[in-house]
Protein chains: 2
Amino acid sequence: MAEKYVYSFKEGNREMRSLLGGKGANLAEMTTLGLNVPPGFTITTEACNRFYEESEELWDSLKEEIKEHIKETENQLGKKFSDEDNPLLFSVRSGAVVSMPGMMDTILNLGLNDKSVIGLANSTNNERFAYDSYRRFIQMFSDVAMEVPKSFFDSVLDEVKEKVGASKDNDLTADDLKEIVEQYKKIYEREIGEKFPQDPFNQLFLATKAVFKSWNNSRARVYRMLHSIPHELGTAVNIQSMVFGNMGENSGTGVAFSRNPATGENVMFGEFLVDAQGEDVVAGIRTPEEIHELKKVMPEVYDQFVNTAEKLEQHYKDMQDLEFTIENGILYILQTRNGKRTTQAAINIAVDMVEEGLITKEEAILRMEPSSLSQLLHPNFDEEDLKNSTKLSKGLAASPGAASGHIYFNSKDCIEAVNSGKKVILVRQETSPEDIEGMIIAEGILTSRGGMTSHAAVVARGMGKCCVAGANEVRVDEALKLMKVGDKVFEEGDLISLDGTTGIIYSGEIKKVDPELAGSFELFMQWVNDLKRLEVRTNADTPRDAKVAFSFGAEGIGLCRTEHMFFQEDRILAVREMIIAKDTEQRKDALDKILPMQQKDFYEIFKVMQGKPVTIRLLDPPLHEFIPNTKEDINKLSIELDIDPRYIEDTVKELREVNPMLGHRGCRLAVTFPEIYRMQVRAIMLAAIDLKSEGIEVEPEIMIPLVGEKKELDYVKSQIIDEIASVFEESSERIEHKIGTMIEVPRAALMADEIAEEAEFFSFGTNDMTQMTFGFSRDDAGKFLSEYVDKNLLDKSPFETLDQKGVGQLLEIAVEKGRKTRPDIHLGICGEHGGDPASIEFFNSIGLDYVSCSPFRVPIARLAAAQSNIKSKK
Amino acid sequence: MAEKYVYSFKEGNREMRSLLGGKGANLAEMTTLGLNVPPGFTITTEACNRFYEESEELWDSLKEEIKEHIKETENQLGKKFSDEDNPLLFSVRSGAVVSMPGMMDTILNLGLNDKSVIGLANSTNNERFAYDSYRRFIQMFSDVAMEVPKSFFDSVLDEVKEKVGASKDNDLTADDLKEIVEQYKKIYEREIGEKFPQDPFNQLFLATKAVFKSWNNSRARVYRMLHSIPHELGTAVNIQSMVFGNMGENSGTGVAFSRNPATGENVMFGEFLVDAQGEDVVAGIRTPEEIHELKKVMPEVYDQFVNTAEKLEQHYKDMQDLEFTIENGILYILQTRNGKRTTQAAINIAVDMVEEGLITKEEAILRMEPSSLSQLLHPNFDEEDLKNSTKLSKGLAASPGAASGHIYFNSKDCIEAVNSGKKVILVRQETSPEDIEGMIIAEGILTSRGGMTSHAAVVARGMGKCCVAGANEVRVDEALKLMKVGDKVFEEGDLISLDGTTGIIYSGEIKKVDPELAGSFELFMQWVNDLKRLEVRTNADTPRDAKVAFSFGAEGIGLCRTEHMFFQEDRILAVREMIIAKDTEQRKDALDKILPMQQKDFYEIFKVMQGKPVTIRLLDPPLHEFIPNTKEDINKLSIELDIDPRYIEDTVKELREVNPMLGHRGCRLAVTFPEIYRMQVRAIMLAAIDLKSEGIEVEPEIMIPLVGEKKELDYVKSQIIDEIASVFEESSERIEHKIGTMIEVPRAALMADEIAEEAEFFSFGTNDMTQMTFGFSRDDAGKFLSEYVDKNLLDKSPFETLDQKGVGQLLEIAVEKGRKTRPDIHLGICGEHGGDPASIEFFNSIGLDYVSCSPFRVPIARLAAAQSNIKSKK
C-alpha cells in the first residue's frame with residue numbers, strides 16, 4: 001500500500017491534528033491515555049484532498065484500508081459490522097482541523113439494515129429500541145448524507161402518530177416504528193431513485209463521500225473565507241463504534257465543561273439525561289439534569305467522570321468540553337476539546353491555572369485572544385433583550401460597544417437633542433472633522449460609507465465610542481434627515497441601537513449591562529507587562545482620551561494629533577482667520593490668538609500623562625478641512641470675520657484639491673507657512689515649562705508629518721529649533737525634547753538613511769503608507785476592497801492588518817536604513833495597525849521600540865505585544 | 001606659501017576649467033598653444049570660496065600672490081603697472097565654470113590714475129585717447145565694481161557735450177575729457193564717501209572683491225537655481241594686460257565665429273571695427289564691418305586670424321567664438337570658446353565635422369543637447385515680429401511650439417469659431433478629457449492651473465501642440481468667458497499668442513516661420529540609432545499621433561491609452577450607457593456597441609505601425625471621468641438614454657471619489673466589471689486578425705494598469721485569456737501576443753518578483769509612481785512644488801525629471817526582482833519621464849529595454865538614449 005489514509009484511534013495522538021482533524025486527534029489522544037473511548041478510526045484530511053483530485057470518488061485502495069480498519073474494530077470488540085445477530089454499528093462524523101459550522105454533522109447507527117435491525121432487537125432484547133434506531137438512521141443518512149429534506153420524514157412521523165393516537169415519539173410501539181421504517185425507505189427510493197442501501201459498506205462509503213463533499217459546500221466555503229481558513233486543509237472523517245445511552249435506567253448521556261465557561265469558576269458545569277442518546281440532550285425533548293445530580297443517580301460513574309475530566313484538564317492544561325455516554329453502567333468518553341468561554345472566564349481560568357501551577361504565565365498569555373479583551377472594556381447589550389430585538393442591517397464593526405439612541409443627522413441637531421435630555425446616535429453618510437462635536441456627545445455613530453479606517457471609525461475608536469461604519473444597505477439623506485433600510489424609513493428622532501462589536505444595527509432601544517472587571521484581569525495584565533518587549537503608547541488628542549488610555553496602561557502618547565483641537569468652538573474662528581489671512585502678518589495675528597489655547601491643550605495632556613513621553617504631531621490635514629463649504633456657512637463666516645464673502649469663496653476655491661490625500665498638507669504646510677509650526681512648538685514648550693514649575697518634567701517629542709525628503713525636514717526643523725531657542729531664551733528655561741518624523745510617504749522609507757540624520761525618532765504612519773503603497777484611498781476603497789477580499793485577491797483589508805509583504809518591506813527598509821545612520825533611533829508606529837494583534841507581531845519581529853493605538857485598544861496591544869515577544873523567544 | 005590661488009596663463013590649460021573658470025582655462029590653453037594672448041593670470045574659484053569663508057575679505061597671502069603675478073607680467077612685457085611714463089594697464093573679468101549672465105562683466109584700463117594717465121598720453125602720444133580711457137575706466141569701475149549708477153555719469157557726459165556743442169562723444173576734446181574726469185571723480189566721492197582710488201593695487205583688489213561678490217548676487221543665484229548649477233562652484237577672476245585696438249588705422253577689434261552659427265555653414269562669420277575698443281563693437285556707435293572685409297584692410301592680419309581660428313577649431317574640435325584686438329598691426333586673441341548656435345547649425349556642424357574627420361560620430365552625438373531638437377520640430381515665431389510684441393505673462397513651457405489665435409473658453413465655442421474660419425486658442429483653468437475636441441482643433445492651449453504633467457500639458461505634448469500651462473497670473477473665468485491678466489481683460493474672440501518653448505504669453509498675433517529640416521538631420525539621427533541601446537517607443541492614442549511618431553522614428557507604441565477613444569462623439573453615449581448600467585447584462589449590451597468602434601481604432605493604429613510592437617493599456621481612469629457633472633448635462637443624458645435623471649444623479653454621486661487618483665480605477669475596474677477588459681481584448685484580437693488577413697502581422701502587447709498584487713493580476717489575466725481563447729476559437733485564427741503590467745503602484749515594485757510570474761513585460765508608469773511615492777498629487781502639487789524648488793528642497797520637479805534617489809530605488813528593486821523571476825522579461829517605461837534626457841540616462845543605467853514618450857519627444861529620446869549608451873561605455 002503506497003500511502004496510509006486511515007489511522008486507528010490507537011495510532012494517533014493530539015499532535016496529529018492537521019492530519020486527523022481536531023476531533024480525531026483528541027479521540028486518539030484519549031485512547032492512548034487509556035480512557036474508555038469506543039474504538040474506531042479516522043480517515044485523514046489527506047484522503048479528503050485526494051478525493052477532490054480523484055473527481056470526488058473514493059478509490060479502491062482507500063476502500064480496502066477502511067475495510068481493514070472495520071475488521072480490526074470487529075476483532076477488538078468481538079462483534080461484526082452489521083451482523084445479523086449482534087451487529088456492530090458505527091457513527092460517522094466530520095472532523096476538520098478547525099471546528100467549522102456548515103459541514104456535515106453526525107450519522108448515528110450506521111450499519112443497520114433490514115436484517116441487522118432484527119439482530120439488534122434480539123441482542124438488546126428491545127425491539128422498539130432497534131426499530132427506533134433504524135428509523136433514526138434512515139432519516140439522518142437520507143438528510144445528512146443524501147440531502148433528502150428532513151421534513152419529508154417528519155410528516156410521515158406525524159401522520160403515523162396521528163393515526164395511532166400517539167402524542168409523543170415515545171408512545172410509538174415497535175410495530176408503529178416498523179411501519180415508519182417502511183415508509184421512510186419509500187421516501188428514500190422516491191427521492192434518490194435507488195433502494196435504501198442495505199450493504200453496510202455501501203452505507204459507510206456514501207457517508208464518507210458526504211463528509212468529504214460537505215467540506216466544499218457553499219456555507220463551509222464562506223465560513224472559511226470569513227475566518228481566513230485555507231481551503232486546502234480538508235476534513236477528516238471519524239468512524240467510531242456505537243455505544244448506547246438509551247439502554248435503560250443504567251444508561252445515559254451528557255455534556256460537561258471541566259470549569260464554568262461563563263465565569264471561569266473551578267466547578268464542573270454541565271448536564272445529562274438518563275436513558276437517552278446524545279441527540280436527545282440537544283433536541284431538548286426532555287429537560288436534562290444538572291451534572292452534579294449524576295452523583296446521586298450513579299455515584300461511581302460520576303466519580304469516574306470527574307476523575308476523567310480532571311485528568312483531561314491536567315493533560316490538556318486547559319478547561320475541557322466533554323461528551324460522554326453511559327451504556328449499562330459503563331462510562332464512555334466520546335469527545336473532548338478545549339472549551340469555549342467568555343473573555344472574563346478565560347481570564348479567570350488562565351490566572352487560576354497559573355496559580356494552580358498547571359500552566360506558566362507565558363502559556364496563560366498565549367492562550368488569550370487579544371481582541372477578545374474588548375468585551376471587558378465596553379458595556380454590552382443584555383443578551384435576553386438582544387434576542388427579542390429586530391435586526392435592521394449590518395455594517396462594519398468599526399468600534400466596539402453598544403449604543404441605543406435617537407437618530408440625528410448632524411452635529412447641531414445632536415447637540416439640541418442632548419440638551420433636551422435625549423440620548424442620540426449620529427447618522428451620517430460619512431463623518432468629517434466638522435462632525436466632531438456631534439460625535440463626542442452621541443452614544444454611537446452610524447455611517448453608510450467608509451471603511452474600518454474611515455474618519456468615523458478612527459475617531460470613534462479613539463474615543464472608545466461605539467461605531468458601525470460603511471453600512472452599505474443603509475441610505476442616508478442628510479438633507480431630508482432620513483435614513484432608509486430597504487423599505488423602512490427612519491426619521492429624525494427615531495430610536496435605533498448599534499452593536500459596535502458585531503456591526504449589527506437594530507431598531508428600537510435595547511437594555512445594556514456593564515461588564516464586571518474581575519480582579520484577576522489586573523493581575524493578568526501585570527504579567528503581560530512583565531513579558532512584553534514593545535512599549536505600548538496611545539493615540540490621544542484630548543485630556544479625556546489620555547486619561548482613559550492611562551488607566552488602560554498606556555506607557556505614553558505615541559500620537560497626539562493637533563488638528564482636532566483646532567475644531568473646538570472657541571478657536572475655530574481664529575483658525576479660519578489664519579487660513580484666509582492675506583499675508584504673513586495677518587496670519588501671525590490669528591496664530592497669536594490660538595497660541596494660549598494650544599498651550600492649555602498641551603498643558604492638560606502633559607499633566608494627565610504625569611511625565612510619560614508625549615509625541616505631538618504638528619498640524620497635518622490640508623487647510624480646506626477647516627473652512628466651511630456651503631454658501632450659508634461662508635456668509636456666516638464673512639459676518640463673523642467682517643470679510644467680503646467673495647474673498648472667502650475665492651479662498652475656498654483656491655484651497656480645493658483634486659486629491660487632498662496627496663495635496664498641500666503635513667510638513668508641506670510648514671514649508672509654505674512656517675509660522676504655524678512655530679506657534680505650535682512655542683505652545684508645547686510653554687506648556688512644558690509651566691508643568692516643570694509644578695514639578696512634572698515632561699520630555700515632549702515633536703513629530704513632523706509627511707516628510708519625504710531630508711532637505712524638507714532640514715528646513716522645517718530649522719524653523720522649529722529657532723522658535724524653541726527663542727522660547728528658552730525668553731523664559732530662561734530649558735526643556736529636554738526630541739524632534740522626529742512620521743514615516744508615512746513611501747519615499748521617506750526609501751530615504752530613511754538620510755532622514756535619520758535629522759530625525760531622532762521615526763513613527764510609522766502605516767495608514768497613509770498603506771494608502772500610498774497600494775494606491776488605495778481609504779475614503780474610496782471601501783467600494784472595491786470588499787470585492788477583493790471576497791474574490792480572495794487580498795486576505796484582509798490592508799487597513800485592518802498590515803500588509804507585511806508589501807508595506808512591510810518598506811518598514812523593514814526604513815528600520816534598517818534608519819538604524820544604520822542612527823543606531824539609537826527610537827522607532828514606533830502610530831497608524832491604526834498599532835492596535836491590531838497580527839500587525840503587532842510583525843512590528844515586534846522587525847524590532848520596533850513601540851506601538852501606539854487608540855485608548856480602548858491599549859490592553860489588546862499590550863497582550864499582543866507580550867504574545868509576540870513570548871513567541872519570538874521560542 | 002600654503003596654497004596656490006593664482007595661476008599665470010602659462011601655467012594653466014583647458015582641463016583646469018573647474019579651478020580657473022571657462023574663460024581662464026581657455027586663455028591659458030591658447031597661451032600654451034603659442035597664440036598671441038596678452039599675458040595675465042587667473043585667481044581661482046577656490047579663492048572665491050575662501051573669500052566667502054573669510055567674511056568676504058581678501059586675505060594677505062592672496063594679495064601677495066596677486067602682486068607677485070603682477071610683477072611677473074611686468075617683467076614679461078617690460079612695462080610697469082600704472083607706471084607714470086609708460087603704464088601697464090589691466091582688464092579684470094569674472095570667469096565662472098559655466099558662463100552665467102548676471103555676474104560682473106568687465107573693467108578695462110585698470111591701473112589708470114591721475115599720474116599714469118599722463119604717462120599713457122605721452123607714451124601713446126595721444127592725450128585724447130588717454131583721458132577718454134581714464135573716463136571710461138572711472139565709469140566702469142564705479143558702475144561695475146562699486147554699484148554707482150551709470151546714469152549719474154551719463155548725465156555729466158551729456159551736460160558737457162551740450163556745453164561745448166559736441167554732438168558725438170568723438171567730438172569731445174582732450175580738455176573736455178579732463179573736465180569730465182574731474183566731475184566723474186566727484187560723483188564717485190559723493191556716492192562712495194571716499195576719493196576715487198589712486199593706488200592701482202587698491203583698484204585691483206576692489207575689482208577682485210567685486211567679481212567675487214557678483215557670484216552671489218540675486219540674479220546670479222536665481223540663474224543657478226534655474227539651471228541646476230551648484231552654488232559651491234565659485235567664480236574665477238581673470239586679470240589680463242590691456243592691448244588697445246583704438247591706437248589708429250593700424251589697430252582694430254572684432255568678434256567672429258569659425259563657422260556660421262545660424263546655419264552651420266563652414267564659412268567664417270563675424271565683424272570688426274578699425275580703430276576701436278571691444279566695447280565700441282557692442283555699443284553699436286559705429287556700424288562694424290563684415291569680417292571678410294578685414295582681408296582688404298589688413299590682409300596679413302586677416303590670414304593670421306583665419307589660421308588662428310582654424311587652429312583653434314582643430315584644437316577644440318568645435319566651432320569657436322573668438323574675440324580679437326589688433327594693436328598697431330599686431331593680432332591679439334582675447335578669448336575663445338565653443339560658439340553658441342541654433343539647433344539646425346549644431347546638427348550641420350556636427351555632421352560636417354564627422355565627415356571632415358575632425359570628430360567621431362559619438363562625439364557629434366554627445367555634443368548635441370537633446371531637448372534642443374524640439375526647435376526643429378515645431379514652427380517658431382518670427383524673431384523680428386516677436387521683438388515688437390507685448391508680453392502679457394508667463395506660464396510653464398508645457399509643450400513647445402508657437403501659436404496665435406482667438407481665445408475661446410470651451411470646446412464647443414472653439415469648434416464654432418473654427419467652423420467659421422478662425423484660428424483659436426483654448427483657454428481653461430485646467431483641461432479635462434471632455435476638452436479633447438477643443439484641444440485637437442485649437443492652435444494652442446493656455447491653462448491657468450496645473451503643472452508640467454497636468455492633463456493639458458501631457459495631452460498637448462502628445463499631440464505636439466503648443467501649450468502654456470499653469471500661468472498663475474492669468475485669471476480665467478470660464479462662465480463669464482473672460483481672462484484677466486493684471487488689469488487687462490480679454491474677452492472671447494480676442495487675439496493672443498503663446499510661445500510653448502518659453503511659456504511666454506503675448507497679446508495679439510505674431511508671424512510664424514517654419515523651420516527647415518536639413519538633410520543632415522536624418523543622417524545624424526541614423527547615427528543616433530546605430531549607437532543607442534534603448535528602444536524608443538511612443539505614447540500614442542490615435543492613428544494621427546502614431547503617424548507622427550512613426551515619422552519621427554518611433555520603434556513601436558509603448559503606451560496606447562484606450563480611454564481617449566472613449567470620449568469620441570460617436571461612442572461616449574454607449575460608454576455612459578455602460579457606466580450607468582444596472583446589471584451585467586445591460587453593461588454587456590452597451591459594451592457590444594463599443595466593440596466594433598474599438599476594433600476599428602486598434603485596426604487603424606496597428607496599420608500605421610506596420611507590424612511594429614503596440615502596447616495597449618486597458619481602461620485606466622475612474623468611470624466618473626466619463627459621466628457629466630452638471631445638472632444640464634445630466635438632463636440631456638437622461639433624454640438621450642431615456643433614463644430617469646435622478647438615477648443618473650445617484651450614479652454620479654455614487655461614483656464620486658475623495659481621492660480619485662487612489663480610487664476605483666485601473667485593473668480594479670476589471671475586478672468589478674471583468675466584461676470591460678474582455679470587450680477590449682476582443683477588439684484588439686479582432687483587429688489583429690483583420691490585419692493578418694491583409695498580410696500585416698502585429699504582436700499586440702496587452703497592458704494591465706495599476707496592478708499591486710499578483711493575485712489581482714491572476715484574476716484579470718484569467719478573464720482576458722479566456723476571452724482571447726474564445727476569439728481564437730470563433731475565428732480559427734491565432735495571434736501572437738504578450739500580456740504584461742504597468743508597474744506604477746509602489747507595492748507593485750516591491751512585489752515585482754511575484755508579479756513577474758504572470759507578467760511578460762513591465763512598463764513603469766513613473767507619473768503615478770512619482771505621485772504615490774512622494775504623496776504628491778500632480779493636479780494639486782503645483783501649488784507648493786515651485787516653493788520646494790525655490791527653497792532648494794527639491795532640485796527639480798520630480799514630474800519632469802525622475803527622482804532617482806527615491807522613485808529610482810523602487811525601479812531598481814522592481815528590475816532586480818522582475819528579472820530574478822523572469823530573466824527575459826521586457827522592461828520599459830511609459831511615464832512622461834520617457835522623454836526626459838536626464839531620466840533616460842538613468843533608465844539606460846538600470847538596464848531597461850525601452851522608453852516610450854510622446855511623439856514630439858521621440859527624436860529627443862532617441863538622442864538621449866544614444867548619449868547615455870555612449871557615456872556608459874566610457
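Visitor: What should helix 36 of chain A span, and how far apart are its end C-alpha atoms?
Guide: In this predicted model, helix 36 of chain A covers residues 858-873, which is 16 residues.

Visitor: How many residues of helix 36 of chain A are buried?
Guide: Buried here means under 20% relative accessible area. Helix 36 of chain A is largely enclosed by the rest of the structure, because the buried residues among its 16 number 13.

Visitor: How much area do chain B and chain A bury between them, and which residues of chain B lose the most?
Guide: The size of an interface is often given as the accessible area lost when the parts come together. For chain B and chain A that is about 4700 Å², with 54% of it on carbon and sulfur atoms. On the side of chain B, 13% of the buried area comes from the three residues that lose the most to chain A: L662(B), R747(B) and L793(B).

Visitor: How many salt bridges cross the interface of chain B and chain A?
Guide: One salt bridge pairs D795(A) with K711(B), whose closest N and O atoms are 3.3 Å apart. A salt bridge requires such atoms to lie within 4 Å. Across the interface of chain B and chain A the count is 8.

Visitor: How many residues does chain B give to the contact, and how do they divide?
Guide: Chain A gives 51 residues to the contact, and chain B gives 51. Those of chain B divide into 11 polar, 20 nonpolar and 20 charged.

Key
Residues numbered from 1 in each chain as written. Chains lettered and ligands numbered in written order. Predicted model: local features only at pLDDT ≥ 70, side-chain atom pairs only at ≥ 80, totals over all residues. Heavy atoms only, no water. Helix = DSSP H or I, 4+ residues; strand = E, 2+ residues; numbered from the N terminus. Expected span 1.5 Å × (residues − 1). Buried < 20%, exposed > 50% of the residue type's maximum accessible area, 1.4 Å probe, protein only. Contact = heavy atoms within 4.5 Å. Buried area = accessible area lost by both parts, 1.4 Å probe. Salt bridge = Lys/Arg side-chain N within 4 Å of Asp/Glu carboxyl O. Nonpolar A, V, L, I, M, F, W, Y, C, P; charged D, E, K, R; others polar.
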